[in-house]
Amino acid sequence: MKKLILATVCMSVLLGSALCANAKNNEHKFDKRPPIEMVKHQEKLAEKLKLSEEQKEKADKIRKDGREKMKPLMEQKKELHEKMDKLRKENMQEFEKILTDEQKEEFKKMRKHHEEKFKKHHKQFREKDNKPED
């Protein structure tokens with residue numbers, strides 16, 4: 001029973017760490033995309049939709065206004081993630097205090113394995129995101 005509880009706690013901590021790490025690194029694409037890529041995307045969209053010059057100007061203003069409105073929210077999001085990271089680290093330290101040396105070593109191996117699996121999985125998504133659109 002104790003092993004089951006320990007395993008459950010370990011996996012919860014690992015999963016929580018992975019989810020928070022992903023959330024921290026998963027900002028909106030337009031924030032991460034280099035400006036030239038944003039411009040190309042906007043041009044491609046305008047071309048496919050056959051937007052008039054007036055529509056293009058209005059769309060550009062809508063995008064700019066939207067970004068300005070989102071800035072304070074993105075800052076709040078950043079602050080929340082920082083608080084979550086701090087709390088997660090504190091929780092991890094407390095959890096590790098209850099482990100024996102043998103359990104700590106096993107937990108370290110589990111974390112390393114999980115991180116490698118996580119990186120491999122997300123590498124596939126990054127590669128998919130970088131493929132040219134049709």
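One aromatic pair is present in this predicted model. The pair joins Phe 95 and Phe 107, whose ring centres lie 5.2 Å apart. The ring planes meet at 70°. Planes over 60 degrees apart count as edge-to-face, so the pair of Phe 95 and Phe 107 belongs to that class. Phe 95 sits in helix α4, and Phe 107 sits in helix α5, which covers residues 101-129. The pair therefore ties together parts of the chain that are twelve residues apart in sequence. Both Phe 95 and Phe 107 are buried.

These two helices belong to a chain with five helices and zero strands. Read from the N terminus, the order of elements is α-α-α-α-α. The chain has 134 residues, and 13% of them are buried. The exposed surface comes to about 11700 Å². Carbon and sulfur atoms supply 57% of that surface. Contacts were also sorted by sequence separation. Among contacts with a separation of 6 or more, 77% join residues 24 or more positions apart.

Helix α3 spans residues 35-49. At 1.5 Å a residue, its 15 residues should span 21 Å. Three residues of α3 are buried: Met 38, Gln 42 and Ala 46. Viewed down the axis of α3, the buried residues fall within an arc of 70°, so they line one face of the helix. The face turned away from the buried side of α3 has another set of residues. Ile 36, Lys 40, Glu 43, Glu 47 and Lys 48 are exposed there. After α3 comes Lys 50, which has a positive phi, near 55°.

Charged side chains were examined next. The search of the whole structure finds nine salt bridges.

In one of them, Glu 53 pairs with Lys 56. Their closest N and O atoms are 3.2 Å apart. Glu 53 has a relative accessibility of 52%, so it counts as exposed. Lys 56 has a relative accessible area of 33% and is partly exposed.

Another bridge joins the side chains of Lys 61 and Asp 65, with an N to O distance of 2.7 Å. The cut-off for an exposed residue is over 50%. Lys 61, at 52% relative accessibility, therefore counts as exposed. Asp 65, at 33%, is partly exposed.

A further bridge links Glu 90 and Lys 86. Here the closest N and O atoms are 4.0 Å apart. A salt bridge requires the nitrogen to be within 4 Å of a carboxyl oxygen. Glu 90 has 36% relative accessibility and counts as partly exposed. Lys 86 is exposed, with a relative accessible area of 56%.

Terms used: Residues are numbered from 1 along each chain as its sequence is written. This is a predicted model: local features need pLDDT of at least 70, side-chain atom pairs count only at pLDDT 80 or more; totals for chains, interfaces and linings use all residues. Side-chain values use heavy atoms; hydrogens and water are left out. Buried means under 20% relative accessible area, exposed over 50%, partly exposed in between (1.4 Å probe, protein chains only). Helices (H or I, at least four residues) and strands (E, at least two) are DSSP runs, numbered from the N terminus. Contact means heavy atoms within 4.5 Å. Accessible areas come from the Shrake-Rupley method with a 1.4 Å probe; for residues, only the protein chains shown count as cover. The expected span of a helix is 1.5 Å times one less than its number of residues. The arc is that of the directions from the helix axis to the C-beta atoms. Rings of Phe, Tyr and Trp (its six-membered ring) pair if their centres lie within 6.5 Å; planes under 30 degrees apart count as stacked, over 60 as edge-to-face and the rest as tilted.
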